[in-house]
Amino acid sequence: TTLALLQLHGQGIAHQDLKPSNVLIFGLDRLKLGDLGRSSLRGKRSPNDLLPVPGALNYAPFEQTYGQGVPAEWNERRLGTDVFHLGCLVVFAFTDICLPGYVMSKLDAPYRIANWGGSYAEVMPHIQASLIEATYEIADDFPKRFRKQLVDIVLDLCNPDPLLRGCLGTNGKSIAGSLWLQRYASLFDRLEKSSRIVGC
């Protein structure tokens, strides 16, 4: 999936609706990303660009569900959504849990979308705390050998701050776009190869 996103992003396309049902698996080693109906092409206006949540609401990044209109910069707004969705796929692959809703269920009532009247910047630390709590709670379903790495990956890819997504191992510098994808493609490849080594 990461390699497929890398190919799309290399052409200036953000998928924006990456979810389990849009990852089509053929056999053990082939897949395609389906349903590009919500995609965005850099430099071209699309009706989807005006939607506050271009993709499925239950997989929307936190800033979109809270009505955060910014960042308007294409990388953080469009590619940042794909980054977030990739993290949600990691969770779903091992738990069958839709992460955003699970994180929201951990929030105290005053900070939930229906009750919140402040800015996204003000509620973001509370979402971050709920994300950490939720991720560590579901981590028991991750393979034990890779649990710490998978927790770090989820916390990075699903960071409530869209400017910090995909920064794992980059000293906090946002590199949303093609560079983070290549790093994560390599990381997932190493994890996959390690999983095949018996007794590792």
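**Ground rules.** I number residues from 1 along each chain as its sequence is written, and my side-chain values use heavy atoms, with hydrogens and water left out. Since I am reading a predicted model, I take local features at pLDDT of at least 70 and side-chain atom pairs only at pLDDT 80 or more, whereas totals for chains, interfaces and linings use all residues.

**Confidence.** I looked up pLDDT, the predictor's confidence in each residue, from 0 to 100, and found that the protein averages 86, with 90% of the residues scoring at least 70. Over residues 175–179 the pLDDT stays under 50, and there the model has 7 contacts (heavy atoms within 4.5 Å) beyond four places in sequence.

**Helix 4.** Helices are DSSP runs (H or I, at least four residues), just as strands are (E, at least two), numbered from the N terminus. Which residues of helix 4 are buried? In this helix, residues 99–106, I found Leu99, Pro100, Val103 and Met104 buried, where buried means under 20% relative accessible area, exposed over 50%, and partly exposed in between (1.4 Å probe, protein chains only). These four lie on the same side of helix 4 because they cover an arc of only 135° around the axis, the arc being that of the directions from the helix axis to the C-beta atoms. I then looked up their partners, and the buried residues of helix 4 pack against helix 2 (62–65), helix 3 (74–95), helix 5 (120–138) and helix 6 (147–157).

**Salt bridges.** I counted a salt bridge where a side-chain nitrogen of Lys or Arg is within 4 Å of a carboxyl oxygen of Asp or Glu, and the structure holds 7 of them.

One of them joins the side chains of Lys106 and Glu137, at 3.0 Å from N to O. This pair links distant parts of the chain, with Lys106 in helix 4 and Glu137 in helix 5, 31 residues apart. Lys106 is partly exposed at 22% relative accessibility, and Glu137 is partly exposed at 39%.

Another is between Asp189 and Lys193, whose closest N and O atoms are 3.1 Å apart. Both are in helix 7 (residues 178–195) and 4 residues apart, so about one helical turn separates them. I found Asp189 partly exposed at 36% relative accessible area and Lys193 partly exposed at 49% relative accessibility.

Finally, I noted a salt bridge between Lys19 and Asp17, 3.9 Å from N to O, in which Asp17 counts as buried because its relative accessibility is 5%.
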